[in-house]
Amino acid sequence: MDLLGFYPLFYVPEIGSAWLMGITGAIHIMASHTSVGAALLFAFLAHKAQKENRTDLYDYMKRYGMFLLIFSYVIGSITGPGIWYTATAASPRGISALIHNFVWVWATEWVFFVYEVLGVFALIYFIDKVDRKTHLKLTYTFAIASVGTLALIIGIISFMMWPGTEAYYATGSASDAFFGTNTFPHMFLRIGFMIMMSGIIGMIISSAMRKENKELSEELTQKMGWVSLLGGFVTVFFFMWYIDTLPANAHALLGMAKDSIILNRIILAILFSIYFLIAIAKPQWVTRTLAITMMFIIGIVGVWPGEKLRETMRKPWVAGQYVYSNQIIGRDVPGKEIKDETPLLAEKGLLKLNPWIPDRLRTITPENKLEVGKLLTRIACSNCHSLEKEGLYRPLMPLAGPMGEDGIRDYMKNVIGTGSSPYMPTIALPDEEYDAMAAYIASQAK
Amino acid sequence: MDATFINVMKDAAGVPFYPVVFQGLYVLTWALHAAFVLLALGSMGLSIYGSTQQKSDPYWKILTPHLIMTGKISVSVLIVLGVAPLLFTQVIYDSGWYVANTLSGAWVFIFIYALVIGYMMYYWYQYANKKGSSGNTLIGIISFAILVFCGVLMHNFAVEAISPTKWMDWYAPNGVVDNAGWNMHLDLLRLGFMVSLMIPVTGIFMQNYSRFLSTREDFEPKYLEFVKNIGTKMAVIGLLISAALFAVWMLKENLLLHPLSLATVVSVVILLVLAMRNKNSYVTTGMLVIVALFISGIRELIRYNIMSGIGYDLYGYPMNLEWETIIMFLLTFVVLGFTGIAFILTMAWKVGKTKGVYTATEGSAVSRLANASLTLFILWIVVYFGWGMVALFKNTL
């Protein structure tokens, strides 16, 4: 009996399982990027403190560190594996592809994580317990270890977008998959954002110190303004290079939302430039409330849409442009002896090849047609579309409903089934499966 | 359920190295992860008791914040150490892990945020305890309950992952597909045994605590004796409870007379004697590590038997060897990892032994390890960029 390696489907009504991943991802980005940025900032501050004998800077580092422990080493370190967990539930074959290509890269990153976690406790709690010189060395290694975690994950998340060249498909090598054309611009774009985040968070800490030491508070707010400005500039600069290294399908999707993205980014750039300039010129104006508000703005208006955009641009793929978002392998990878599954699916269909179809639904009858259609639609479409009329995640029914049952079937067969849409997976199935799906979608879209 | 069903879920890319290596790494890293889970829960649970005693008892007043701090650091360490077994299990037992995650997708999401809330509350508990707030015990109890709940959820995923014959019934009971991800299946005996281990683990930790601080002049010998006695009691009583639960669990699994099970029993008896005599708690800890490895091995044995019993061919997993990345991992793990961790741990040891500020003199172990770590980290980054550029030029020019 022919079977393909699918997994059970986890389905979340209204928002889709991908949104769960997106929520966790956006929170994690805020926390983890702050962590790496702060590690670089700590190295700079510890260097300055030792060179200029500025003991007051250690107090600031300690306060910042305590915040970092909760923000980055509670929220960040849990949501990191959290993305992995939710991605596993939402897209098991996508995650599996990444794991089986990059397990040693992840294992290497784990070594850095262990160093980081032990290091951050030592760095914060030993500030007054170990000599300055040793502490400075710890701070330097901590900064490099933090950047190392980025250096190791960046090739994997860049590969999720695409391998960058054709080499990986021929060799199957993790090295060719990891170092694509997208990897370095992506890395520096994130380093810029990390530096900026460290400044944004740094302003929350410095503004909270005003009552105890006004002069130091303002000096540090000014410094954080400069740090954020530098980080922001690096982010914008490398964002342009990054966009240039994206694959054609990403550009097709980007083109559809270009105007609103550009508008959003311009508004954000202006707003935050003004904020950073205020911090530099009038640090006393930066209150703790304002600093916290600006952190939430960057998260909600900057990171969340940015992550949604990155996820959208990857469509129709989720990993290496060979695993489709609906878990079907959509191309050959000779270097790994991976076979395109779409021809077999076109011939035999999901009902025969997916091991998780209950036996009573493997053959379509008039009685079970709508139930089969519902299940097939969930398997084939729900990774990118809410299936409820009022769903929040690119709802399918308002898009497909106006076509009517025949129109839906024709569209599936002639457009999606032939792979003619640059951002939709090729879902080539036998006619009776298209019929069942079209009947179900039409019945729901009424 | 047949062999085709289970084998077809192996990843199309194959494994990048010999499956037995991943199996070994899994056993090793799970044992490390579990040790900190048990220490975190045990020290936290004891600290809650301590928080009710500290107002009237000066020894509990010293011990309670130390236990809270131990729990706090242990949770961070258990999270980071947990990433490794999670990684290795997905490589060789991908079917089990991914099926469990999809069957219980809703619980997966809840697990993450429960852990975030439970751990944040733990920080609050520490703060409240430091300030002497009246609600500190209650905050601690809630945080403890949430973290235990997270452990139960993780246990649920593990149980589901090794129940392949039930997967289809859980996914589609009576042939009706349920995609909601609310499956929850527990094995209370196994869970009870695992949780019971937090008592002896914390007991042995307290013996170590007492021994470590015995060279510090600022800690009263009577206080250290008090801690040592609690530790010994916990270790002995806890080991007896755990041993009984272990025997029943093994009986249920039909593994009581298996050599690995017998080896575990022998090692537990040795551990019990060592803990009772408490001549050198560091030696007892070494024995505890061996017991932890045996228990991790037993877990793997159970899984291997179940999966191979239905035809899962673990050692026949298609392989595509990945030399470049495994070399990177091994060099990073052995050279940089060991040096770096040795630097932090040696420094922590010295700081813990010193009243006031510890100064690492030129040529001391801490100073040499710090310099070596820094050099290795810089070298690592240079090699990374060099490698990246070579790969990129090769493929684009």
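Which residue caps the N-terminal end of α12(B)? Select B:Asn280: one of its side-chain oxygens lies 2.9 Å from the backbone nitrogen of B:Tyr282.

Before moving on, a word on what you're viewing. This is a predicted model, where local features need pLDDT of at least 70 and side-chain atom pairs pLDDT 80 or more, while totals for chains, interfaces and linings use all residues. Residues are numbered from 1 along each chain as its sequence is written, chains are lettered from A in the order in which they are written, and side-chain values use heavy atoms, leaving out hydrogens and water.

Now select residues 281-309 of chain B, helix α12 (helices are DSSP runs of H or I, at least four residues, numbered from the N terminus). Its 29 residues should span 42 Å at 1.5 Å a residue, and its end C-alpha atoms are 41 Å apart, which agrees (the expected span is 1.5 Å times one less than the number of residues). Just after α12(B), click B:Gly311, which takes a positive phi of about 100 degrees.

Hop over to A:Asn101, in helix α3 (residues 92-125) of chain A. A:Asn101 counts as buried because its relative accessibility is 1% (buried means under 20%, exposed over 50%, partly exposed in between, with a 1.4 Å probe and protein chains only). Among the residues in contact with A:Asn101 are A:Phe159 and B:Ala13 (contact means heavy atoms within 4.5 Å).

Last stop: show both chains. Here 98 residues of chain A are in contact with 107 of chain B. Pick out B:Glu362 and A:Lys133, whose side chains meet in a salt bridge (3.6 Å, N to O); the term means a side-chain nitrogen of Lys or Arg within 4 Å of a carboxyl oxygen of Asp or Glu.

How values were computed
Helices (H or I, at least four residues) and strands (E, at least two) are DSSP runs, numbered from the N terminus. A polar contact is a pair of N or O atoms within 3.5 Å; within protein, one must be able to donate a hydrogen and the other to accept it, and residues adjacent in sequence count only if both atoms are side-chain atoms. Lists of a residue's contacts leave out its neighbours within four places in sequence.
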